[in-house]
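I opened my notebook to look up a few local features. The entries follow in the order I took them.

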Amino acid sequence: MLETSICNIELRNPTILAAGVMGSMASSLNRIYRGGAGAVVTKSFSLRPNPGYRNPTTVEVTGGVINAIGLSNPGVEAFREELKLVDEEVPLIASVYGASPEEFASAAASVEEYADMIELNVSCPHAMAGCGASIGQDPELTFRVVSAVKDAVDVPVSTKLTPNVTDIVEIAGSAEEAGSDALTLINSLGPGMKIDIKTARPILSNAFGGMSGPAIKPVAVRCVYDVYRSVDIPIMGVGGVRDFQDAVEFLFAGARAVQVGTAIMYDGPEVFMKICRGLEAFMMAEGFSSVDEMVGLAHD
Ligand SMILES: Cc1cc2nc3c(=O)[nH]c(=O)nc-3n(C[C@H](O)[C@H](O)[C@H](O)COP(=O)(O)O)c2cc1C
């Protein structure tokens, strides 16, 4: 009943681990899948190792978390070693980023053999210069990155967009036109910040970071709703999903699956099982027999 598919990748249910939370190690990716997720996305990685920002990199705020990790990762060579250890049965989405279309394409090509899909992180709101939202805020740059990756890999590609733009529909259109097979909406919102009132200093070492968690869900649902009307490619919804009601909202807005990140910090990896049980009960009570039937129902 919960099965869905995205770009012909069969998922046993529509819940997916979002990039960046428990996605650096094969052991945690396997654990999240065994715990009930339908698929997993890795932490974003780049061609070369990136130490990221100093601690503190995350801070809790009302309704969520602000993070400025700075896309720290050990680089694609080290990441390949981890990806080899992910169980064969796990639908794996590898998240990559870079400072140029060529870097995105090389990173994607290096891990293609282990991934069912590549997700392009063109949207981190606190990344170091040239690697983040600056790409996903520019339709032309987005087009170039997606085109380069599409030329370099055969697996499907999803482009993950930032909500921190005037018109997300325009950027989504560029990604689709460049050949993106799917979209992931949205990366964290902001940047935002929190100030320590005892020291009168910003708490995060980078001062600013991306906001995630329940507080950003209405923005994410609106982005999915808006983009669904203008593209023909499938959408993965992400932002503030914590329970089955959240998942249903995203499906009705037009997502075919939902990704879950911050909720794991609140509820642990069991959150996937909890969402799936609730979703199944909701579908039975409301007379839905498949996830497909629910996608986009909020549109007339
Ligand atoms: C600690 C942390 C690290 C993240 N790292 C990444 C990342 O490496 N790549 C990426 O595309 N998104 C990253 N994100 C964004 C999430 O994948 C997701 O888009 C965002 O947090 C909204 O979903 P949520 O409210 O379920 O967390 C990160 C989020 C958090 C909280």
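Entry 1: I count a polar contact as a pair of N or O atoms within 3.5 Å. I note at the start that this model is predicted. I looked up K160 with that cut-off in mind. One of the polar atoms in the K160 side chain lies 2.7 Å from a ligand oxygen atom. Next I checked I186. Here a polar backbone atom is 3.0 Å from an oxygen atom of the ligand. Then I turned to N187. Its side chain has a polar atom 3.5 Å from an oxygen atom of the ligand. I also looked up the cover: on its own the ligand has 600 Å² of accessible area, and the protein covers 97% of that.

Entry 2: Where does the ligand sit? I found it in the largest pocket. There are 22 residues around the ligand, and those that come nearest are A19, S44, K160, G240 and T262. I sorted the shell by class. I got eleven polar, nine nonpolar and two charged residues.

**Entry 3: I186 again.** I went back to this residue for its backbone. The peptide bond from L185 to I186 is cis, and its omega is near 20 degrees. I placed I186 in the loop between β10 (182-185) and β11 (189-192).

**Entry 4: other backbone features.** Most peptide bonds are trans, and most residues other than glycine have a negative phi. I therefore wrote down the exceptions with that in mind. The bond from N55 to P56 is cis, with omega near -5 degrees. P56 belongs to the loop between β4 and β5. N8 is not a glycine, yet I read a positive phi of about 65 degrees. N8 lies in the loop between β1 (4-6) and β2 (9-11).

**Entry 5: salt bridges.** How many salt bridges does the structure hold? I noted twelve. One that I looked up pairs E103 with R48, whose closest N and O atoms are 2.9 Å apart. This pair links distant parts of the chain, 55 residues apart. E103 is in helix α3 (residues 101-111), while R48 is in the loop between β4 (39-41) and β5 (58-61).

Conventions: Residues numbered from 1 in each chain as written. Predicted model: local features only at pLDDT ≥ 70, side-chain atom pairs only at ≥ 80, totals over all residues. Heavy atoms only, no water. Near = heavy atom within 4 Å. Polar contact = N/O pair within 3.5 Å; in protein donor to acceptor, adjacent residues only side chain to side chain. Areas by Shrake-Rupley, 256 points an atom, 1.4 Å probe, with all protein chains shown as cover. 1 Å grid on protein atoms, 1.4 Å probe; cavity = no way out; pocket = protein on both sides within 12 Å on 5 of 7 lines; lining within 4 Å. Sits in = over half its atoms within 2 Å of the grid points. Nonpolar A, V, L, I, M, F, W, Y, C, P; charged D, E, K, R; others polar. Salt bridge = Lys/Arg side-chain N within 4 Å of Asp/Glu carboxyl O. Helix = DSSP H or I, 4+ residues; strand = E, 2+ residues; numbered from the N terminus.
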